[in-house]
Number of protein chains: 2
Amino acid sequence: MPRSAPARAPITSPAAATVFTTVLTEGPVSRVDVARRTGLSSAAVTKAARPFIEAGYLEELASEGRTAPGAGRPANPLAIRPDREYFVGVKITGDDLIGVVTDLRADVRASAHHALTSHDVEHVVRALADLVGELLSGDLRERAYCLGVAVSGDVDRASGVVRYSPFLGWRDVPLASLLEDATGLTVTLENDVKALAVAEQWFGEGVGASSFALVTVGTGIGSALVVGGDLVRGAHGVAGEIGHVPVADGGPPCHCGGRGCVEAIASTEAILTHARAVSGEPALTMEDAVARARGGDEPLRGVFAGAGHAIGLGLAALVNLFGPERVVVSGEGVAAYDLFEEQIRRTFAVQAFGSAARCGLVIRPLPFEEWARGAAAVAIQSLFVAESV
Amino acid sequence: MPRSAPARAPITSPAAATVFTTVLTEGPVSRVDVARRTGLSSAAVTKAARPFIEAGYLEELASEGRTAPGAGRPANPLAIRPDREYFVGVKITGDDLIGVVTDLRADVRASAHHALTSHDVEHVVRALADLVGELLSGDLRERAYCLGVAVSGDVDRASGVVRYSPFLGWRDVPLASLLEDATGLTVTLENDVKALAVAEQWFGEGVGASSFALVTVGTGIGSALVVGGDLVRGAHGVAGEIGHVPVADGGPPCHCGGRGCVEAIASTEAILTHARAVSGEPALTMEDAVARARGGDEPLRGVFAGAGHAIGLGLAALVNLFGPERVVVSGEGVAAYDLFEEQIRRTFAVQAFGSAARCGLVIRPLPFEEWARGAAAVAIQSLFVAESV
DNA sequence: ATAAATTCTTGACGAAGTTAATTAAATCTC
DNA sequence: GAGATTTAATTAACTTCGTCAAGAATTTAT
């Protein structure tokens, strides 16, 4: 009987993790190249790569003709085999569960969602297990071992506990272990914005950046920061609360108890309230407000510009304090970027200090399933136990 | 001829660095205790500690009677021998050089300063070398190998270059190598606020904190952040610019080109300008303003409270984004804490989000030599090459 | 063809830290 | 007060990880 390939990724040493992540995030790379980028010796790369190739996680590409202009043996780049393992990611919102299955590169292979009719913990666990079962039909099931779950609020990834979730009304729910029992998968729990940041760090705009920030704009306004490869978690579990950075002294009161917070000016609700006041129509909908602003309604355009301004000020605060290499601003819900973007950039350019302004600023919509993909990215990251400590 | 003790600290491995820093920053500790705190095995601690003892950097304290209540062999705590090596720290301001000599614990043993009559690079290098010569009289000289230099502005510690210093009018000055030639010491260059943060991280309020922030208030307003043991440097060399966090939308213009920056409201100059306007006395001095505010002059008290409010807003921004375990607010120049502190705390309490507000907030004056001590702390830290990368 | 260049592999070696057993020095128990 | 118990420190064998140096593989250049 032939010895079967190892069931899971053989991440057995720091070098193994380094090599695997490098190939995973920086596409096909030759061994020498991995060595150069990571500081390892090329001998170490050869040794570390072998088990991954044997286990089916990496493969050696044939050297396609001339790779380099000069002489020398052509390189045989290492590449990921994305289908070697699948990952499930689920985002829990107040109203529904959004789930995806991705491959190793975090590319979505399947998706589904369930409405959530109750916030009862048992109900949610069952619904989530059902969703996972539905997602993992057929051949996906055999090669899926990890589930990532993203929830807004205060989440302790290490212990897998939802400490506090305002949307769900939960406190200290050991969701990870409940879900492990219900699904049989290894579960990693993470705050939703942090999960998005992980996806971006590993598979998006953050690849190769020493530090970067992700900002989400929508019902709430939040952010996550990555410094030196690690998510900033905050000593008391709170960090990245750009929504509650005070930017307008004496500005509108915020539900947090403060005044002039970014969220009190630029959240979906704040914008709508302001738009209704400005237009004098208490029943104005967001869709109408957006449509009219696009149509040239100056007062309404001013409302959106004001929100963009507040976001720009918050971004400036973030960038002046952290100096990230790149910032991604992304939005849930109504994607009214055209109404925001210009003002965000203008305000940011004025208030960013010195060369901190040189940071790359990407503003773009947030596709619906992206949150769930973030959860899957967290699951992928969980392979690297040593690094996620 | 007896083999002489090694001349310098034998930091040869990660474990050696870990053990030495633990004993250095956490006072006398038994070997088992070091092992427990660092996660090393006690065998590793024994091995790592021996060379330090032989080289005279650590000593074994006699177990003083009962250390623990129960049975068992009493511990022989390891302790630093602070006098084993001395460090020189110099802060360069626009007007003078402030220098100190400290021991391994960063306790000041000698201090001196020179007025600076020119900003010419050669002149400054010569004056600094003279100051160092003066400081290292007698027996201090033999055991001093490292010089730390703190300069405000954009400083590249790794290369030892002052990239830009507005106060000195310098651009791209390779100060570290110039000073190594002039003094014969190993020179480490650092931004002044970051140097203060290092002193605090290793020998002050930051000991044992996973993350903390240091904020300085005075002519300028700056800060430095430590996350996971490392200073946040910013991808483009800019970070910790709390002075240019915009807190008052549409507020007073700032020299940076923005509006409503903390520094535009709470710097010494901004306060004085405001105080003169409020009192109607264009020649009012800072000393008078402070005296009158202390005496109960309400309009002037309002000026200081306004500055405290702006600082509190900036602190809230910092803490909401970054969630440090502790924050130290310290001030150069006029120490008008009594006029600031209450308002800083009040505003901070209102604007800090959720449990981020639980971070320890220490507000205290900044003794004159503290800047130079920060520079010395950087020199001490430079012993640990591997860690300062 | 031969040389030079570049990639990759191999096996010996060395450094660092762990485990497990041992020694050391105290208190506790009877 | 002798022996048991407990905790601290040391020692020695061993494991693991990654480097080094030599060489094999595979190309271009002359």
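**Reading a sheet and an interface**

Modeller: In chain A, 5 strands build an open sheet, ordered β5-β4-β3-β6-β10, with mixed pairing. This is a predicted model: local features need pLDDT of at least 70, side-chain atom pairs count only at pLDDT 80 or more, and totals for chains, interfaces and linings use all residues. Residues are numbered from 1 along each chain as its sequence is written, with chains lettered from A and ligands numbered from 1 in the order in which they are written.

Biologist: How are strands and pairs defined?

Modeller: Strands (E, at least two residues) and helices (H or I, at least four) are DSSP runs, numbered from the N terminus. Two strands pair if DSSP finds at least two bridges between them. Here, 7 bridges join β4(A), residues 96-102, to β5(A), and the two run antiparallel. A:L97 has A:H114 as its bridge partner in β5(A).

Biologist: Which strands stand at the edges?

Modeller: β5 (108-115) and β10 (186-191) of chain A; each has a single partner strand, so one side of each lacks a neighbour in the sheet.

Biologist: Which strands does helix α6 of chain A lie across?

Modeller: Angles run from 0 to 180 degrees between N-to-C directions; axes are lines fitted to C-alpha atoms, for helices over the stretch in contact. Helix α6(A), residues 192-203, lies across β3 (86-92), β6 and β10 of chain A, at about 105 degrees to β10(A).

Biologist: How many residues of chain B are in contact with chain A?

Modeller: Contact means C-beta atoms, placed from the backbone, within 7 Å. By that rule, 43 residues of chain B contact 43 residues of chain A. The largest share of chain B's side, 7 residues, comes from α10(B).

Terms used
Contact = placed C-beta atoms within 7 Å.
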